Amino acid sequence: MTSLPTGASRKRLGLVIDLDICVGCHACAVNCKEWNTGGVAAPLTDLAPYGADPDGVWFNRVHTYEVGEGVTGRTVHFPRSCLHCAQPACVTVCPTGASFKRAEDGIVLVNEDLCIGCKLCSWACPYGAREFDEDAGVMKKCTLCIDRIYNETFDPEDRVPACVATCPASARHFGDLGDPDSAVSRLVAEREGFDLMAEMGYAPTNKYLPPRPRRQDAGCTGASARLAPAAPAAPGGLLGWLDRLLSQ
Amino acid sequence: MHPSLSVIFFTTASGAGYGLLALLGVLAPFGLLPADPLFGLVALALALVAITAGLLSSMFHLGQKQRAWRAFSQWRSSWLSREGVAAVATYLPAGLFGIGWVFLGTVSKAAGLLAALGAVATVYCTSMIYRSLKPVPRWHNRWVVPNYLALALMSGILWLALVLQVFGPRPELNGLVPAVIALALALKLGYWRFIDGAPATSTAGSATGLGSFGAVRLFEAPHTSENYLLKEMGFSIARKHAARLRRIAVVLGFGLPFVLSFVPVVAPGGPAIAAALLAAVLGTVGVFVERWLFFAEAKHAVTLYYGGSVV
């Protein structure tokens with residue numbers, strides 16, 4: 001059923017991604033690929049992986065942006081994956097019922113046995129969350145690692161999506177964004193987390209935390225405000241004249 | 001957006017077919033068309049062949065064609081599903097209308113009007129598939145539905161005019177052809193004017209949420225070669241030729257058929273048949289070019305993550 005669930009649970013599982021901390025190492029994207037190519041959406045097909053133009057299905061892509069100019073300019077690493085929106089048009093446009101949003105936790109999934117590969121859901125997603133698998137002829141997308149987060153054979157601390165588990169900088173957080181008292185909701189409130197393209201009206205569940213203000217004063221880092229000259233001042237007299245002559 | 005040939009052929013061919021079917025269903029029961037069964041056979045066969053060829057073509061872009069039947073199930077939420085239901089449902093009154101006209105010699109008003117309603121509903125659903133997509137602002141606007149309906153009507157009436165010229169010209173309908181072409185052209189020009197002047201819906205700043213920190217520029221893409229998103233949604237080859245293609249579409253698709261539609265007034269008979277044939281072919285080619293542009297000029301919001309600045 002591609003109508004959105006009514007009377008859905010308040011639970012909204014999702015991710016919080018800290019753009020201040022992300023170092024752009026792509027570990028989340030790689031571990032996502034690693035886990036999911038053996039998971040429910042397996043395989044995440046690669047086409048010509050060793051060719052001149054490798055192509056393949058990934059659920060997580062890390063972009064890097066330059067933002068601002070001059071001293072206020074900064075580099076921001078930006079992981080992009082499914083936001084498990086509250087109003088996912090990718091679900092409602094699906095003609096077959098393959099695309100659906102779970103009532104119990106808000107996760108958006110594709111039933112690959114029903115998908116006809118019309119690609120309309122990928123057109124309906126402004127965030128580029130869905131990637132078509134040419135080889136399988138069906139659409140694939142982030143499952144929020146549904147086969148990890150409810151996996152009781154895992155230790156409780158490992159029941160998080162692969163991208164979160166692997167992030168070496170702890171820039172990714174997983175939790176219930178429908179619960180205002182959850183750790184992720186408090187983090188969003190404290191750091192003024194935001195929605196991507198809120199103007200589209202998709203009400204994404206995943207939130208992004210903005211970069212913190214830049215520290216531009218030397219005092220912030222504990223370094224001395226001015227460095228001593230590394231080389232002595234140029235000598236005068238005959239040696240100075242020779243130095244200038246030879247330096248020409 | 002990538003202009004998939006199967007989808008462009010589908011909307012062009014079935015648009016013309018549904019336009020023709022709607023005109024036959026409305027005009028014939030009121031005696032405005034020849035009651036000749038042979039006319040009915042040729043005109044309805046032309047409409048149904050165009051519709052069917054288009055629908056079959058639309059299946060070629062599916063990844064799992066054998067499951068296409070599942071697309072009829074989600075009519076409650078999906079315009080694509082509604083289009084499928086409307087398309088199949090239209091065959092019933094259209095078939096009954098044709099059987100009555102061709103074999104029984106009775107042009108049924110009920111079947112004709114129902115077939116016309118089904119034809120309009122199907123084209124409406126097709127246009128709503130595009131109209132409803134917020135990530136493509138050049139589709140998500142009020143010009144799209146009238147354009148699809150008018151272009152279907154225009155290509156339909158050009159083919160109707162051809163069949164009429166062959167089987168029995170109706171001078172009283174001569175004025176209808178240029179009027180429909182003018183209407184379709186006005187709507188197409190209105191659409192182009194709108195998309196050229198529409199303010200940005202989303203920006204790289206809103207897509208990344210970083211706009212408040214300054215201008216957002218892509219420094220490093222996530223991958224070194226094109227992926228599905230860039231091939232499907234990031235298509236931009238035609239944009240540099242857009243102005244020239246628009247002129248080609250206007251001249252071929254609207255201008256020449258408009259001029260040719262006056263030939264029956266001044267030179268009935270052979271020249272009128274030749275003019276009507278040329279007008280129908282040119283009009284259809286023009287709609288094909290226009291439909292290609294409709295895709296190629298449409299920017300998808302995902303391009304904002306890949307270096308695009310506005311959509």
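Trainee: Which residue in β11(A) is the bridge partner of Ile17(A)?
Mentor: In this predicted model, the partner of Ile17(A) in β11(A) is Tyr208(A). That bridge is part of the pairing between β1(A) and strand β11, residues 207–209 of chain A, which is parallel and runs over three bridges.

Trainee: And how many bridges join β1(A) to β10(A)?
Mentor: Five bridges join β1(A) to strand β10, which covers residues 172–176 of chain A, and the sense there is antiparallel. Within that pairing, Leu13(A) has Asp176(A) as its bridge partner.

Trainee: How many residues of β1(A) are buried?
Mentor: Strand β1 of chain A, residues 13–18, is mostly covered, with six of its six residues buried. In a regular strand the side chains alternate between the two faces of the sheet. In β1(A) both faces are covered, with Leu13(A), Leu15(A) and Ile17(A) buried on one side, and Gly14(A), Val16(A) and Asp18(A) buried on the other.

Trainee: Zooming out, what does the secondary structure of chain A come to?
Mentor: Chain A has eight helices and 11 strands. Its radius of gyration is 24 Å, well over the 18 Å that the globule rule gives for 248 residues, so chain A is more spread out than a compact globule. Taken along the principal axes, the box filled by its C-alpha atoms is roughly 90 × 50 × 40 Å.

Trainee: What percentage of chain A counts as buried?
Mentor: Of its 248 residues, 46% count as buried. As for contacts in chain A between residues at least 6 apart in sequence, 58% of them join residues at least 24 apart.

Trainee: Changing topic, where is the cis peptide bond?
Mentor: The cis bond joins Ala42(A) and Pro43(A), with omega at about -10 degrees, and Pro43(A) sits in the loop between α1 (27–36) and β2 (46–47) of chain A. Most residues other than glycine have a negative phi, and most peptide bonds are trans.

Trainee: On phi, then, what value does Cys145(A) have?
Mentor: The phi of Cys145(A) is near 50 degrees, which is positive although the residue is not glycine. Cys145(A) belongs to the loop between β9 (138–140) and α4 (146–149) of chain A. Glu192(A) likewise has a positive phi, near 55 degrees, and lies in the loop between α6 (183–191) and β11 of chain A.

Trainee: Is Cys145(A) buried or exposed, and is Glu192(A) buried or exposed?
Mentor: Cys145(A) counts as buried because it has 25 C-beta neighbours inside 10 Å, whereas Glu192(A), with 9 C-beta neighbours inside 10 Å, counts as exposed.

Trainee: How many residues of chain B are in contact with chain A?
Mentor: On the chain B side, 46 residues are in contact with 55 residues of chain A. The elements of chain B that give two or more residues to that side are α3 (79–104), α7 (204–208), β1 (216–220) and α8 (228–233), and the largest share, five residues, comes from β1(B). By class, that side of chain B has 21 nonpolar, 17 polar and eight charged residues.

Trainee: Which strand of chain A is joined to β1(B)?
Mentor: Strand β4 of chain A, residues 61–67, is joined to β1(B) by four bridges in the antiparallel sense, and there Tyr65(A) has Leu218(B) as its bridge partner.

Trainee: Last one: which residues have the most contacts inside the largest nonpolar core?
Mentor: Leu20(B), Leu21(B) and Leu24(B) do, in a core of 167 residues. Helix α5 of chain B, residues 144–167, gives the most to this core, with 16 residues. Not counting residues up to four places away in sequence, Leu20(B) touches Ala43(B), Leu46(B), Ala47(B), Gly156(B), Trp159(B) and Leu160(B).

Methods
Residues are numbered from 1 along each chain as its sequence is written. Chains are lettered from A and ligands numbered from 1 in the order in which they are written. This is a predicted model: local features need pLDDT of at least 70, side-chain atom pairs count only at pLDDT 80 or more; totals for chains, interfaces and linings use all residues. Two residues are in contact if their C-beta atoms, placed from the backbone, lie within 7 Å. Ala, Val, Leu, Ile, Met, Phe, Trp, Tyr, Cys and Pro count as nonpolar, Asp, Glu, Lys and Arg as charged, and the others, Gly among them, as polar. Two strands pair if DSSP finds at least two bridges between them. A nonpolar core is a set of buried Ala, Val, Leu, Ile, Met, Phe, Trp, Tyr and Cys residues joined through C-beta atoms within 7 Å. A residue is buried if 20 or more other C-beta atoms lie within 10 Å of its own, exposed if 12 or fewer, and partly exposed in between; C-beta atoms are placed from the backbone. The radius of gyration is taken over C-alpha atoms; the globule rule is 2.2 Å times the number of residues to the power 0.38.
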